[in-house]
Each structure stands twice: as C-alpha cells, then as structure tokens.
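Welcome to my notebook. I opened this structure to see what lines its inside, and I jotted things down as I went.

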Amino acid sequence: MTVSTQSNPDAIEAERLRVLRSFDILDTDPEQAFDDVMLLAARICDAPVGMVSLAAGDRQWFKAGVDLPAIGPAGAFCGHAMRWPGVTQVRDAALDPQFADHPLVTGPTGFRFYAGAPLIDDQGLALGVLCVFDSRPRPDGLDETQRMTLEVLARQVMALLERRRALRERRRSDEAATAAVEAARQVTGKLAESDARFQAIADSMPQMVWSSRPDGHHDYYNARWYAFTGAAEGSTLGDAWGDMIHPEDQERARTAWRASLSTGEPYEVEYRLLHHTGSYAWTLSRAMPIRNAEGAVTRWFGTGTDIAEMKRLEQAKALLSQELSHRIKNIFAVISALLALSARQYPEAKAFARAARTRISALARAHEFVRPHTESSRPSLDGTTLHAFLRDLFLPYDAENGEPRVAVSGDDADFDDQAATPVALLFHELATNAAKYGALSVPEGRVELTTRGQGDRYVMTWRERGGPALSGPPQGAGFGSSLLALSVEGQLGGGLEQTWARKGLEVVADIPATALAPRRAAGQLT
C-alpha cells in the first residue's frame, strides 16, 4: 500500500512514526550489519563520514555513524533528503542559503558536501536516510555508480530493518510457528536479493574490488579483477594475490599489507600488477578495515585502480618540463654571452655589462635550483627549501678553507619557483654590495642571515659584521636600492627596512609567509 500524498499531513506523520516504532530500532545498541552498510556507503562515495539516520518526531537518531552529540543536529540535511526520491545532494553547503548557517557547516566539523538516499518502506513512507558527509565541497557531486550504490544500500538498510523486525516478531510469536517460518523465508529471500545486488554493484564498478578476512586471507574478488589479470576464478584467493605483482614490487606491497593487518591502519600502495596481456600495469591498491562495536577488525574491503595512464602522463609531463627548463637555461646563457660580446665592443659599458651578467647568473642559478633540466643537474641539497637555496647561492663567497662567510640560521620554509626570482635578486644584490663595500670586502668580515616565522609573516634579517665602519646611509637611492625594494615590496608583497649602523648594514625583509611558496598556498585554499 502506498500512502497518498493528498492525505492529511498530520495523519501521514502519525502513520510514519507508527511504522518506525514497529521496527523497535530506536535507541538500540550498534549492530554490525548496519555499521557495515554505512562504512561501505562512505567508502564507495569517497566520503569520511557516513550515517544511517532515522527521523523520530522532533529528533534525529543514528543507528550507525557519528553520535549526534558529537556533531550537532543533522535534521535539516536529512529532513531535506527525506522529502525527495533518489539521492539528494548538497554540493557546497556553505553556498546554499538553506544550510550555510547550519552548525555542521559553521562548526568544528566544517561539512560542505552531503548526499542522502531516503529509507522508504513498502508504503512509500520515508523513515530516515542513508547519507554521507564530506568536509570538502564537491561541485560535480557523486558519479552515477556512487548514486546507484547509495540507493541500493538504502534499500539494503530497509531490508535489514525488515529482517530485524521479522526476527523480533518470530521470538515473540512461538505460538504462531507457521507465520514465523514464512517471515524467516521472506527475510532470507530479501537477504539473498541484497547479496545479489552487492555482487552486481561490485561487478559494475570500473575498479577491482576485493575483500579479506581479518587475518589477511583474501576471499573475494569482483569480475573486474579477473578480467584485468586474466587469472582463473578462485586462483588468487588466500595469499596468491602477491604472485600477481611485479617481482620488484612484491616485498613492498606485502610489507605494507602486513603493517595494515598489524595496526588496523588503512592500506595504500602503488605497484605493477600483471595484466592479462602478459605485461605489467601500474595499479593503486587501497583497503579500509571494517570494525565491530568493540573496535576489532572484522573484514577488509579494498579496491585496485588502474593508474598506468596517469603514470604515462606524469612521465610525459616531466620530460616536457625538463626540456623547457633546458631551453630556459640556454636563454640565460645566450643573454649572458650577448652582454659579454657587447662589453667588448663598448668598453665604456664593461662595468654595466659585468653587473648585469652577475644578476642574470643569479637568476639562472635560482631557476636551476627549482627547475633543474635533468635529475643529475639538481643541486645535491636536502630538498627545495629556502635555507638550502640560500646556502647554494652564497657558495661563491665562502672562505678559501670552505667556511661559510654568510651564516644562515633560524626557521626554514618551503620554497618554490615563483619566489625564486625575487629572493635570488634580493640576496644576490646584498651579497654583491657586501663583497664590494661591506663585510665581505675584507677577510675577517662575516654576514649573519636569520629567518623566523611569526604567525602569518616570515622575517629575514641580514646583518653585516666585521667590515668597514659605515658613516651613514648613501647619498640618494641607487639602482641596487631600487632592486631591493622591487624584489621585496613589489614581487613578494612585503616590507623592507634598511639600517646603516656604524658596525655594519642591517636589512629586514618582512613578507607574508605564503609568499615563499605561493603555488602550495593556492592549492591549500582551493
């Protein structure tokens, strides 16, 4: 029977609550079957949080998922999803007037995406929702497979509710044995149908799907696995899956799997998997544990994704990047050579040409540091950080015994190619001036460069000591001062302060912390 939408709303709500209470499910303890469905829904939808939510009058109660007191009221989302058939999606709650001020969006959880499929009984009454939440907005929402999965699993929840009610009625109706047996038969049929639905979902997925017992024994693979590997059905059960991996990757994959089995942490590893053509293809394998109410792992569900094309694209991108970097390096060399030739033709411009060439060399060194045209040309330093870059930049000024004359200390920072040019110009100019007129112009002179993070700011302080005494600032601002200001204020968006103390020049550059790695900062904001 289907309840007419033209009926009295109060009567419909009363009937809905009656049906819900008939399952005797409210305020019961967690049950593995519901937890498994919720975790599978979250896994397939690639969402961190999943819930089985039931609408009980003026409260929203969760049979599976996060406890209500921990996340606040979810009724606005679930109540919205209960009003519509199929899967309801809120792609970015922060931009949706209906949910922008909801505590789940504005509070610590920071949820932005929601998708829910209503739990509908055979009368067409919506009793609750199977839903997932994500802290990141998802403009494209769920794909077709994920939506279908959520709907099928919502029907699975209803089947579990019906099974639970049938079993309860059976225990209470020993005198009605015939009716109880018939109810059990119907429930068994529905469970078999649910198993068939899960099999259909797994086989329709573009990924390889597998499951394992808590001890790591693989006991299920979907059709995609056998189609990809060409293995005979059942031949890779147990531990035989490892033999399908490239010999060079087997130990790494097995070690990671043993670690996950031991700790219960998610499994993720890339390896080359034997393809049915006889070649090996790069695959990303992931697995998540399913736990019972006591927290013990009861099963592992995993997927294998073909990433061979992604690997090929990464290699092609790397080759293109190296080729472009090589060409840019050649351009720097050509410009430097042209300046040298021009200086020979116009001797009066020799000093200008020398200064220009040193600045171009600094830029070329900065480019080579963050964008080497080959792996062998990459500086042998501990990663691309500001301190590593600066120490490399100051190598020409070291003493004959190898002792650094520019000592770099303090808080290190991430560093990328967008910041390389202004940083190279700034410190090349300071080091060049120090070598001509300041602390580096005499053997005993030294420079201290200290860096420190201060909240959202990053402060770099250049102090010259042991050089010729200064009588004050220079008369008028020269090109060097303009270049310093351009680098710090114009390109890094910071402030520059220079002090011509008698004991030596002091320069303080105060810049936004994100200025040193703008690409990474932009990625974190999107």
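**The cavity**

I began with the largest cavity and found its lining to be Trp210, His218, Tyr221, Trp225, Trp241, Tyr267, Tyr271 and Ser285. Here a cavity is a set of points on a 1 Å grid over the protein atoms alone where a 1.4 Å probe fits but cannot get out, and lining residues have an atom within 4 Å of a point.

A note on the ground rules: this is a predicted model, where local features need pLDDT of at least 70, side-chain atom pairs count only at pLDDT 80 or more, and totals for chains, interfaces and linings use all residues. Residues are numbered from 1 along each chain as its sequence is written, and side-chain values use heavy atoms, leaving out hydrogens and water.

How many cavities of 30 Å³ or more are there? I count 1, and the largest cavity has a volume of about 70 Å³. Volume is the space filled by probe spheres set on the grid points, which are joined across faces, edges and corners.

I sorted the lining into 6 nonpolar residues, 2 polar and no charged. Nonpolar covers Ala, Val, Leu, Ile, Met, Phe, Trp, Tyr, Cys and Pro, charged covers Asp, Glu, Lys and Arg, and the others, Gly among them, are polar. Strands E7 (218–221) and E8 (267–274) each supply at least two lining residues. Strands (E, at least two residues) and helices (H or I, at least four) are DSSP runs numbered from the N terminus.

**The hairpin**

I followed E8 onward: it pairs with strand E9 (residues 280–291) in the antiparallel sense over 8 bridges. Pairing asks for at least two DSSP bridges between two strands. Leucine 274 has tyrosine 280 of E9 as its bridge partner. Between the strands of this hairpin sit 5 residues, and glycine 278 takes a positive phi near 100°.

**The core**

Next I looked up the largest nonpolar core, which has 36 residues; Leu390, Phe394, Val423, Phe427, Trp462 and Leu516 touch the most other members. Such a core is a set of buried Ala, Val, Leu, Ile, Met, Phe, Trp, Tyr and Cys residues joined through side-chain atoms within 4.5 Å. Buried means under 20% relative accessible area, with a 1.4 Å probe and protein chains only. Helix H13 (417–436) is one of the elements that give two or more residues to this core, and H13 gives the most, with 9 residues.

Notes
On a 1 Å grid over the protein atoms alone, a cavity is a set of points where a 1.4 Å probe fits but cannot get out, and a pocket is an open set with protein on both sides within 12 Å along at least five of seven lines; lining residues have an atom within 4 Å of a point. Buried means under 20% relative accessible area, exposed over 50%, partly exposed in between (1.4 Å probe, protein chains only).
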